[in-house]
Amino acid sequence: MKTTVSSSQKGGVGKTFFDVQFSYYVFLQCSRRTLVIDFDHQGNTSKAIQKGGLALVSRVKASELFTYKDGQMPALENAPFVLISADREELLGLEKQASRHNEFATKLKAFLESVNDQFEVCMIDTNPNPDIRQLAGLVVADFVLAPLQLNQEAIDGIGQLLNNERLGLRRIQAKINPKLQLIGILPNLVEPTPFQRENFKALSTHYAKLLIPLDGGGFAAIKKTTAAPEAQAAGLPIWKLNKTSAREAWAQMKPVFEKISSIMGVN
């Protein structure tokens with residue numbers, strides 16, 4: 001099973017849209033048995049996937065993956081596409097139990113090992129706060145993807161993504177999870193404004209090695225489109241919306257998804 005965490009230390013970067021749509025992509029177009037885990041207490045990934053009705057919603061809740069009793073490993077239902085949905089209050093309470101944080105990460109790792117043969121892809125959506133949920137996700141993952149908006153604040157935050165004393169990828173790779181691979185930074189909600197074009201140019205100049213090169217040239221990015229919130233509201237894959245804007249959006253997104261799934265080895 002290939003486990004990927006979508007991680008950002010800033011909200012509003014389109015992370016949930018990517019998580020939902022990429023999960024649909026690997027399940028429907030790559031024909032991979034897929035598990036989605038929503039650790040974000042806002043539950044937006046859970047709401048969208050539940051609305052679409054394509055996944056089986058597990059009776060197991062997200063917080064249980066950290067807190068189950070020894071010898072009582074949560075057992076998932078047998079289905080090719082399963083969602084473990086967010087439970088808000090229980091997830092929020094995890095950070096307050098600092099003495100158990102090592103235990104939480106260990107239990108999450110053990111759970112994922114227990115379903116390794118049941119699924120081929122696991123997508124973990126984390127909240128934007130640098131807490132135990134995001135840390136544990138990075139500790140157990142094979143890959144991490146970092147959605148980013150093209151504003152100066154987000155670009156300045158790249159240093160935190162790499163070097164944060166608790167959640168910096170370099171620290172986690174060196175000391176905790178050497179198998180963790182950064183797929184790359186994914187500019188998201190990209191608009192054709194002079195400001196964003198200049199920021200993308202700066203990103204390409206200074207952080208080219210962190211971006212995702214496309215096979216046809218250039219770097220991966222996802223444009224802002226009106227079809228995105230419509231797809232999320234319906235809980236559907238964007239390519240199933242019968243709208244010109246959705247078809248245009250999917251034509252731009254598909255090479256990005258193909259490249260990311262290729263890096264993960266699941267295309």
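User: First up, what's the mean pLDDT of the chain, and what share of residues reach 70 or more?

Analyst: This is a predicted model. Its mean pLDDT is 90, and 96% of the residues reach 70 or more.

User: Which elements have the lowest and the highest mean pLDDT?

Analyst: Helix α7, residues 152-156, has the lowest at 66. Strand β4, residues 81-84, has the highest at 98.

User: How should coordinates be read where pLDDT is low?

Analyst: Where pLDDT is low, the predicted coordinates should not be read in detail.

User: OK, fold overview. How many helices and strands are in the chain?

Analyst: Twelve helices and seven strands.

User: And how does the radius of gyration sit with a compact globule?

Analyst: It agrees: a compact globule of 267 residues would come out near 18 Å, and the chain has 18 Å. As for extents, the C-alpha trace spans about 55 × 40 × 30 Å along its principal axes.

User: What fraction of the residues is buried?

Analyst: Buried residues are 54% of the 267.

User: What about contacts: how much comes from residues 24 or more positions apart?

Analyst: Taking contacts with a separation of 6 or more, 80% are between residues 24 or more positions apart.

User: Switching to charges. How far apart are the mean positions of the positive and negative ones?

Analyst: They're 3 Å apart, counting 31 positive and 26 negative charges.

User: Where is serine 31, and is it buried or exposed?

Analyst: Serine 31 lies in the loop that links α1 (15-29) to β2 (34-38). With a relative accessible area of 59%, it counts as exposed because that is over the 50% cut-off.

User: Next, glutamine 118. Where is that one found?

Analyst: Glutamine 118 is in the loop between α5 (101-114) and β5 (121-125). The residue is partly exposed, at 23% relative accessible area.

User: What does glutamine 118 touch, leaving out residues up to four places away in sequence?

Analyst: Arg33, Leu76, Glu77 and Asn78.

User: And how far is glutamine 118 from threonine 34, in sequence and in space?

Analyst: In sequence, 84 residues separate the pair, while their C-alpha atoms are 8.9 Å apart.

Note on methods: Residues numbered from 1 in each chain as written. Predicted model: local features only at pLDDT ≥ 70, side-chain atom pairs only at ≥ 80, totals over all residues. Heavy atoms only, no water. Helix = DSSP H or I, 4+ residues; strand = E, 2+ residues; numbered from the N terminus. Rg over C-alpha atoms; globule rule 2.2 N^0.38 Å. Buried < 20%, exposed > 50% of the residue type's maximum accessible area, 1.4 Å probe, protein only. Contact = heavy atoms within 4.5 Å. Lys, Arg positive; Asp, Glu negative; His and termini not counted. Charge placed at Lys NZ, Arg CZ, Asp CG, Glu CD. pLDDT = per-residue confidence, 0-100.
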